Amino acid sequence: MTALSLRNVRKNFGATEIIRGVTLDIAPGERHCIIGPNGAGKTTCFNLISGRFPITSGEILLNGERIDTLPPHKINRMGLSRSFQITSIFQRMSVFENLRCALLWSRGYRYSFWSPLWRQKALNEAAEVLLEDLNLSARRDILAGLLSYAEQRALEIGMTIAGGASVVLLDEPTAGMSNTETDYAMALIRRVTAGKTLLMVEHDMKVVFDLADTITVLVYGQVIASGPPVEVRANRAVQEAYLGALE
Amino acid sequence: MKSRWLILALIAVAIALPWCFYDWGHHRHAGFLLSMLSQMGMMVILALSYNMLLGQAGLFSLCHATFFGIGGYATVHLLNAVGAGDVPVPMELMPLLAGLSGLALAILFGAMATKQRATAFAMITLGISELMATAALMFHHFFGGEGGVTTNRMIENSLFGLTYASGLQVYYLILAWTVLATGLMYYLTLTPLGRMANATRDNFERAQFIGYDPRMVRFLQFALSGFFAGIGGGLYAITYEIVTFDALAAPLSANALLMAYIGGTTVFGGPILGAILITLLQSGVSLLSNSWLVYVGVMFIAMVIFAPTGLAGIIKAHGPIRHSGRLGSLVVPYLRLVIPSLGLLLGFVGLVELMSFLTIGAAQGKKLVLFGGPVDVHAALPWVVSGGSLILGALWLRWEAAGFHRIWENLTAEVRR
């Protein structure tokens with residue numbers, strides 16, 4: 001069974017068709033990158049999968065179950081988590097609180113207004129371990145909004161994987177980073193998504209060809225190629241549409 | 001640890017205060033003080049419960065008095081029922097039942113309002129406020145029309161055998177419930193719901209992608225804040241033995257907002273400060289001047305513009321400087337601000353009072369007494385002095401404030417290093 005499937009997914013905004021029949025199958029544990037020129041619909045795809053926007057037609061399945069009619073929080077509870085291209089964190093809360101909040105639902109706390117957080121030993125330890133993983137321990141009690149850009153990106157990734165989702169969607173996690181920061185972020189992503197299914201939008205071709213098991217090329221809302229990096233690189237249509245300039 | 005002592009000290013002061021003004025000659029408590037302290041207690045609850053929405057969940061509600069008022073009406077009817085011997089409820093538990101009535105109504109209205117965000121939410125709560133105000137005037141059986149509903153709190157049903165005939169006993173009942181409600185509201189901030197309320201305030205969208213339905217978080221927070229507001233309303237009914245339309249109308253909702261904002265919405269205890277300050281102004285300044293609401297309004301506007309974090313926020317900003325032991329170096333700069341501020345303040349107060357005495361004061365046949373002497377409002381001198389003091393004070397303060405700002409920036413930069 002596939003971890004995530006898109007079957008002929010379409011999305012219209014008004015009269016404009018942004019996603020024009022995307023079909024995609026992602027196997028469990030696969031590292032799948034989506035590339036394509038600006039405006040190809042990569043982020044829109046993420047928004048459809050994660051439930052941020054409803055799809056116009058088609059089907060999206062997570063571990064064999066339909067998710068395309070569910071709201072984002074229910075999709076998240078089923079084990080799909082995403083990050084945002086523009087950093088999306090809880091600005092006025094500490095780094096530690098950000099991570100702890102991201103852990104809460106998966107640990108069964110729901111909307112509890114009776115369990116005191118300071119006594120939840122396992123939860124607090126998990127948040128500390130996560131801080132350690134992200135190399136943010138020194139910044140534990142700082143407001144998330146005051147972190148540096150790279151640190152905020154790391155926190156964003158941490159919050160995305162905190163809930164233990166089996167399918168992780170990362171939207172341009174290295175955008176706007178320097179080379180060293182990118183290397184560091186990629187090492188972090190490899191580490192924290194080990195054993196998970198990873199779907200990633202990325203512009204940095206070096207990163208993509210380093211990391212991906214499979215690459216899908218999206219152009220004007222359609223998949224023009226999908227396969228292992230070697231095949232995609234050799235694909236004539238891809239070279240014309242997108243990669244040509246880079247090689 | 002330190003804050004624990006501060007809390008204990010505050011409670012001790014609240015307990016002891018009535019005795020500091022005890023009239024030993026007549027064996028009587030100062031009635032004015034007791035009623036002011038009682039009012040403070042319920043306003044603290046109202047302001048804190050409002051801040052569960054504004055400060056903690058980022059919800060700009062305009063109908064908070066609705067839940068305060070319903071708690072009041074419920075208590076009045078309950079007191080009447082207990083007084084008539086229909087139901088046995090001890091006085092000490094009345095505020096709890098008042099809270100439950102606030103909770104019930106907040107569940108109903110919260111289900112309507114919390115589906116929406118930002119402006120739409122504020123609009124709906126404004127509608128709710130108007131709806132309840134209209135209902136209060138229409139449904140006489142429950143709300144008693146314009147005259148309200150009266151009761152007698154001496155129901156002779158108490159867990160401790162108290163009669164509540166004296167203001168002191170009522171005050172201690174209020175104090176006990178204020179401490180309890182404050183403690184519970186603080187506890188709530190340390191639970192998963194409390195933290196997720198902060199999270200949905202900061203980033204509504206993100207909360208959905210970590211598994212939470214932000215509407216549900218807001219709904220629960222709204223319902224719980226209604227519960228606490230209801231407790232405040234119950235205490236109001238017990239104190240005044242009458243509940244009218246005023247207890248749920250828009251001005252009280254605005255008051256809740258003022259107290260929370262002026263006190264500071266970003267710190268848990270901020271609204272307590274705001275409630276105490278506004279109540280002091282209300283009971284103190286309103287005796288001295290017709291225009292006290294003008295002062296509260298201007299203070300609110302000044303806070304919004306110059307100190308959006310409120311009094312508590314200002315105090316909190318001094319934290320790092322205090323820790324580094326540099327607080328002393330701010331004494332002189334602060335003193336330099338005092339003189340122009342006083343000029344500005346006195347000029348402004350002078351002008352407002354002069355104007356108010358031209359119209360309202362004259363109609364009431366009062367004489368304007370400013371700073372210990374009678375003042376002729378038709379002479380030019382007091383107007384010139386006040387106006388000059390206002391303008392000079394403002395200009396001087398602007399200049400001093402720029403200097404203070406530099407010193408402050410340098411100091412905070414030093415402390416950070």
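The model is predicted: local features need pLDDT of at least 70, side-chain atom pairs count only at pLDDT 80 or more, and totals for chains, interfaces and linings use all residues. Residues are numbered from 1 along each chain as its sequence is written, while chains are lettered from A and ligands numbered from 1 in the order in which they are written.

Contact here requires C-beta atoms, placed from the backbone, within 7 Å. The table gives the residues that each chain brings to the contact.

| Chain | Residues in the contact |
|---|---|
| chain A | 30 residues |
| chain B | 24 residues |

The side of chain A that touches chain B comprises 16 nonpolar, ten polar and four charged residues. In this grouping, Ala, Val, Leu, Ile, Met, Phe, Trp, Tyr, Cys and Pro are nonpolar, Asp, Glu, Lys and Arg are charged, and the others, Gly among them, are polar.

Chain B consists of domain 1 (30-316) and domain 2 (319-416), with bounds from an automatic or database domain assignment. Their centres, taken over C-alpha atoms, are separated by 32 Å. Five residues of domain 1 of chain B contact six residues of domain 2 of chain B.

In chain A, six strands form an open, mixed sheet in the order β6-β7-β8-β3-β9-β10. Strands are DSSP runs (E, at least two residues), numbered from the N terminus, and two strands pair if DSSP finds at least two bridges between them. Strands β7 (residues 167-171) and β8 (residues 197-201) of chain A run parallel, joined by five bridges; Leu169(A) has Leu199(A) as its bridge partner in β8(A).

How values were computed. Contact = placed C-beta atoms within 7 Å. Helix = DSSP H or I, 4+ residues; strand = E, 2+ residues; numbered from the N terminus.
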